[in-house]
Amino acid sequence: MNTKSAVPAVKRPNIVAVGTIVWLGSEVMFFAGLFAIYFTLRAMNPELWATQTEKHNFTFALINTLILVASSFTAQAGVFAAERMQPRRTGRGIRNWGTVEWFYLTFILGAIFVAGQSYEYATFVSEGITLMSDPYGSAFYMTTGFHGIHVSLGLVAFLLVIGRIYAVKNFTHKEETTAVVVSYYWHFVDVVWIILFLIVYVLK
(Lines give C-alpha, C1' and ligand atoms only; values in the text may rest on other atoms or scores of the structure.)
Protein backbone atom coordinates (compact mmCIF):
# COMPACT_ATOMS: atom_id res chain seq x y z
CA MET A 1 0.00 0.00 0.00
CA ASN A 2 1.48 3.33 -1.09
CA THR A 3 1.35 6.23 1.30
CA LYS A 4 1.94 9.83 0.40
CA SER A 5 4.39 11.70 2.55
CA ALA A 6 2.95 14.78 4.13
CA VAL A 7 4.42 17.97 2.70
CA PRO A 8 4.64 20.74 5.29
CA ALA A 9 2.98 23.98 4.26
CA VAL A 10 5.37 26.80 3.51
CA LYS A 11 4.48 29.99 5.34
CA ARG A 12 5.41 32.83 3.04
CA PRO A 13 6.19 36.26 4.44
CA ASN A 14 3.62 38.96 3.86
CA ILE A 15 4.66 40.85 0.73
CA VAL A 16 3.24 44.16 1.95
CA ALA A 17 5.05 43.91 5.29
CA VAL A 18 8.33 42.95 3.63
CA GLY A 19 8.00 45.79 1.11
CA THR A 20 7.36 48.25 3.94
CA ILE A 21 10.47 47.10 5.80
CA VAL A 22 12.60 47.43 2.66
CA TRP A 23 11.23 50.94 2.06
CA LEU A 24 11.97 51.91 5.67
CA GLY A 25 15.52 50.74 5.06
CA SER A 26 15.84 53.40 2.36
CA GLU A 27 14.43 55.94 4.81
CA VAL A 28 17.18 55.01 7.25
CA MET A 29 19.73 56.01 4.63
CA PHE A 30 17.88 59.30 4.03
CA PHE A 31 18.01 60.28 7.68
CA ALA A 32 21.59 59.07 7.96
CA GLY A 33 22.43 61.65 5.29
CA LEU A 34 20.67 64.37 7.28
CA PHE A 35 22.57 63.39 10.41
CA ALA A 36 25.83 63.57 8.45
CA ILE A 37 24.97 67.10 7.29
CA TYR A 38 24.11 68.11 10.86
CA PHE A 39 27.37 66.82 12.33
CA THR A 40 29.43 68.32 9.51
CA LEU A 41 27.96 71.78 10.02
CA ARG A 42 28.31 71.40 13.75
CA ALA A 43 31.98 70.47 13.51
CA MET A 44 32.61 73.54 11.35
CA ASN A 45 30.76 75.94 13.67
CA PRO A 46 31.28 74.82 17.30
CA GLU A 47 30.92 78.30 18.80
CA LEU A 48 27.68 78.95 16.91
CA TRP A 49 26.27 75.64 18.15
CA ALA A 50 27.22 76.44 21.73
CA THR A 51 25.36 79.74 21.50
CA GLN A 52 22.23 78.60 19.68
CA THR A 53 21.63 75.39 21.61
CA GLU A 54 21.34 77.45 24.78
CA LYS A 55 18.10 78.84 23.37
CA HIS A 56 16.40 75.44 23.42
CA ASN A 57 13.61 74.81 25.90
CA PHE A 58 14.80 71.36 26.98
CA THR A 59 11.84 70.66 29.28
CA PHE A 60 9.33 71.47 26.55
CA ALA A 61 11.19 69.30 24.02
CA LEU A 62 11.39 66.43 26.52
CA ILE A 63 7.64 66.54 27.20
CA ASN A 64 6.93 66.64 23.47
CA THR A 65 9.25 63.66 22.99
CA LEU A 66 7.51 61.65 25.72
CA ILE A 67 4.17 62.34 24.03
CA LEU A 68 5.47 60.93 20.75
CA VAL A 69 7.01 57.91 22.49
CA ALA A 70 3.67 57.26 24.22
CA SER A 71 1.99 57.24 20.81
CA SER A 72 4.11 54.22 19.83
CA PHE A 73 2.57 52.25 22.69
CA THR A 74 -0.97 53.25 21.73
CA ALA A 75 -0.26 52.37 18.10
CA GLN A 76 0.98 48.93 19.15
CA ALA A 77 -2.11 48.46 21.30
CA GLY A 78 -4.14 49.10 18.14
CA VAL A 79 -2.10 46.44 16.33
CA PHE A 80 -2.76 43.93 19.10
CA ALA A 81 -6.48 44.66 18.75
CA ALA A 82 -6.22 44.13 14.97
CA GLU A 83 -4.48 40.80 15.53
CA ARG A 84 -7.42 39.81 17.76
CA MET A 85 -9.71 40.79 14.89
CA GLN A 86 -11.24 43.50 17.07
CA PRO A 87 -11.61 46.59 14.88
CA ARG A 88 -13.79 48.56 17.31
CA ARG A 89 -14.51 48.57 21.01
CA THR A 90 -16.65 45.79 22.42
CA GLY A 91 -17.74 47.57 25.59
CA ARG A 92 -16.94 50.31 28.04
CA GLY A 93 -13.46 50.81 29.39
CA ILE A 94 -10.08 51.06 27.77
CA ARG A 95 -9.57 47.29 27.97
CA ASN A 96 -12.35 46.85 25.43
CA TRP A 97 -10.93 49.28 22.90
CA GLY A 98 -10.38 48.14 19.35
CA THR A 99 -7.99 49.27 16.63
CA VAL A 100 -10.05 52.34 15.78
CA GLU A 101 -10.02 53.75 19.31
CA TRP A 102 -6.30 53.12 19.82
CA PHE A 103 -5.44 54.65 16.45
CA TYR A 104 -7.58 57.70 17.20
CA LEU A 105 -5.61 58.20 20.42
CA THR A 106 -2.35 57.73 18.52
CA PHE A 107 -3.44 60.36 16.02
CA ILE A 108 -4.22 62.83 18.82
CA LEU A 109 -0.84 62.28 20.47
CA GLY A 110 0.95 62.65 17.14
CA ALA A 111 -0.98 65.83 16.36
CA ILE A 112 0.01 67.27 19.75
CA PHE A 113 3.65 66.52 18.93
CA VAL A 114 3.41 68.30 15.57
CA ALA A 115 1.68 71.26 17.21
CA GLY A 116 4.45 71.40 19.82
CA GLN A 117 7.09 71.35 17.11
CA SER A 118 5.30 74.16 15.27
CA TYR A 119 5.23 76.21 18.47
CA GLU A 120 8.96 75.65 18.92
CA TYR A 121 9.57 76.78 15.34
CA ALA A 122 7.55 79.94 15.92
CA THR A 123 9.57 80.66 19.07
CA PHE A 124 12.86 80.18 17.23
CA VAL A 125 11.80 82.43 14.36
CA SER A 126 10.89 85.15 16.86
CA GLU A 127 14.45 84.86 18.19
CA GLY A 128 15.93 85.23 14.72
CA ILE A 129 16.72 81.56 14.07
CA THR A 130 15.43 80.72 10.60
CA LEU A 131 16.30 78.26 7.85
CA MET A 132 18.55 80.82 6.15
CA SER A 133 19.85 82.70 9.20
CA ASP A 134 22.95 80.61 9.84
CA PRO A 135 24.29 77.02 9.54
CA TYR A 136 22.65 76.06 12.84
CA GLY A 137 19.22 77.17 11.64
CA SER A 138 19.66 75.26 8.38
CA ALA A 139 20.73 72.08 10.17
CA PHE A 140 18.01 72.31 12.82
CA TYR A 141 15.11 72.94 10.46
CA MET A 142 16.28 70.39 7.88
CA THR A 143 16.62 67.52 10.33
CA THR A 144 13.57 68.20 12.52
CA GLY A 145 11.51 69.52 9.60
CA PHE A 146 11.86 66.42 7.47
CA HIS A 147 11.00 64.34 10.50
CA GLY A 148 7.92 66.49 11.11
CA ILE A 149 6.82 65.84 7.53
CA HIS A 150 7.16 62.10 8.13
CA VAL A 151 5.09 62.36 11.30
CA SER A 152 2.38 64.27 9.43
CA LEU A 153 2.29 61.58 6.73
CA GLY A 154 1.93 59.00 9.47
CA LEU A 155 -1.08 60.87 10.86
CA VAL A 156 -2.70 60.77 7.42
CA ALA A 157 -1.98 57.04 7.25
CA PHE A 158 -3.76 56.45 10.57
CA LEU A 159 -6.83 58.29 9.30
CA LEU A 160 -6.80 56.17 6.14
CA VAL A 161 -6.64 52.97 8.18
CA ILE A 162 -9.51 54.14 10.39
CA GLY A 163 -11.52 55.10 7.31
CA ARG A 164 -10.86 51.73 5.72
CA ILE A 165 -12.05 49.90 8.84
CA TYR A 166 -15.30 51.87 8.79
CA ALA A 167 -15.71 51.29 5.04
CA VAL A 168 -15.39 47.49 4.97
CA LYS A 169 -18.21 45.23 6.07
CA ASN A 170 -15.92 42.59 7.52
CA PHE A 171 -12.55 43.12 9.18
CA THR A 172 -10.13 40.72 7.48
CA HIS A 173 -6.41 39.98 7.44
CA LYS A 174 -5.98 42.68 4.77
CA GLU A 175 -7.12 45.34 7.22
CA GLU A 176 -4.95 43.75 9.91
CA THR A 177 -1.91 43.93 7.61
CA THR A 178 -2.63 47.59 6.85
CA ALA A 179 -2.70 48.38 10.57
CA VAL A 180 0.56 46.50 11.12
CA VAL A 181 2.53 48.19 8.33
CA VAL A 182 1.36 51.65 9.43
CA SER A 183 2.59 50.81 12.93
CA TYR A 184 5.97 49.83 11.44
CA TYR A 185 6.23 53.29 9.91
CA TRP A 186 5.13 55.00 13.11
CA HIS A 187 7.62 53.11 15.27
CA PHE A 188 10.30 54.10 12.76
CA VAL A 189 9.58 57.83 12.98
CA ASP A 190 9.47 57.56 16.77
CA VAL A 191 12.90 55.92 16.91
CA VAL A 192 14.30 58.53 14.50
CA TRP A 193 12.99 61.30 16.74
CA ILE A 194 14.57 59.78 19.84
CA ILE A 195 17.91 59.84 18.03
CA LEU A 196 17.27 63.41 16.87
CA PHE A 197 16.32 64.48 20.38
CA LEU A 198 19.55 63.07 21.80
CA ILE A 199 21.63 64.71 19.06
CA VAL A 200 19.95 68.12 19.01
CA TYR A 201 18.88 68.64 22.63
CA VAL A 202 21.13 66.41 24.76
CA LEU A 203 24.51 65.99 23.07
CA LYS A 204 26.84 68.80 24.04
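Let's start with S71, which lies in helix α3 (residues 58-83). Helices here are DSSP runs of H or I with at least four residues, numbered from the N terminus. This is a predicted model, in which local features need pLDDT of at least 70, side-chain atom pairs count only at pLDDT 80 or more, and totals for chains, interfaces and linings use all residues. Residues are numbered from 1 along each chain as its sequence is written, and side-chain values use heavy atoms, with hydrogens and water left out.

**S71 and its neighbours**
- S71 counts as buried because its relative accessibility is 0%; buried means under 20% relative accessible area, exposed over 50%, and partly exposed in between, with a 1.4 Å probe and protein chains only.
- The side chain of S71 makes a polar contact with the side chain of W186 at 2.8 Å.
- A polar contact is a pair of N or O atoms within 3.5 Å; within protein, one must be able to donate a hydrogen and the other to accept it, and residues adjacent in sequence count only if both atoms are side-chain atoms.
- The S71 side chain also reaches the backbone oxygen of L68, at 2.4 Å.
- Leaving aside residues up to four places away in sequence, S71 touches T106, L109, W186 and D190, where contact means heavy atoms within 4.5 Å.

**The salt bridge**
- The structure holds one salt bridge, meaning a side-chain nitrogen of Lys or Arg within 4 Å of a carboxyl oxygen of Asp or Glu.
- Its partners are E175 and R164, whose closest N and O atoms are 3.1 Å apart.
- This pair links distant parts of the chain, with E175 in helix α6 (residues 173-202) and R164 in helix α5 (residues 135-167), 11 residues apart.
- E175 is buried, at a relative accessible area of 5%, while R164 is partly exposed, at 34%.

**A loop residue to look at**
- M85 is found in the loop between α3 and α4.
- The phi angle of M85 is near 60°, a positive value in a residue other than glycine.
- With a relative accessible area of 32%, M85 is partly exposed.

Key: Helix = DSSP H or I, 4+ residues; strand = E, 2+ residues; numbered from the N terminus.
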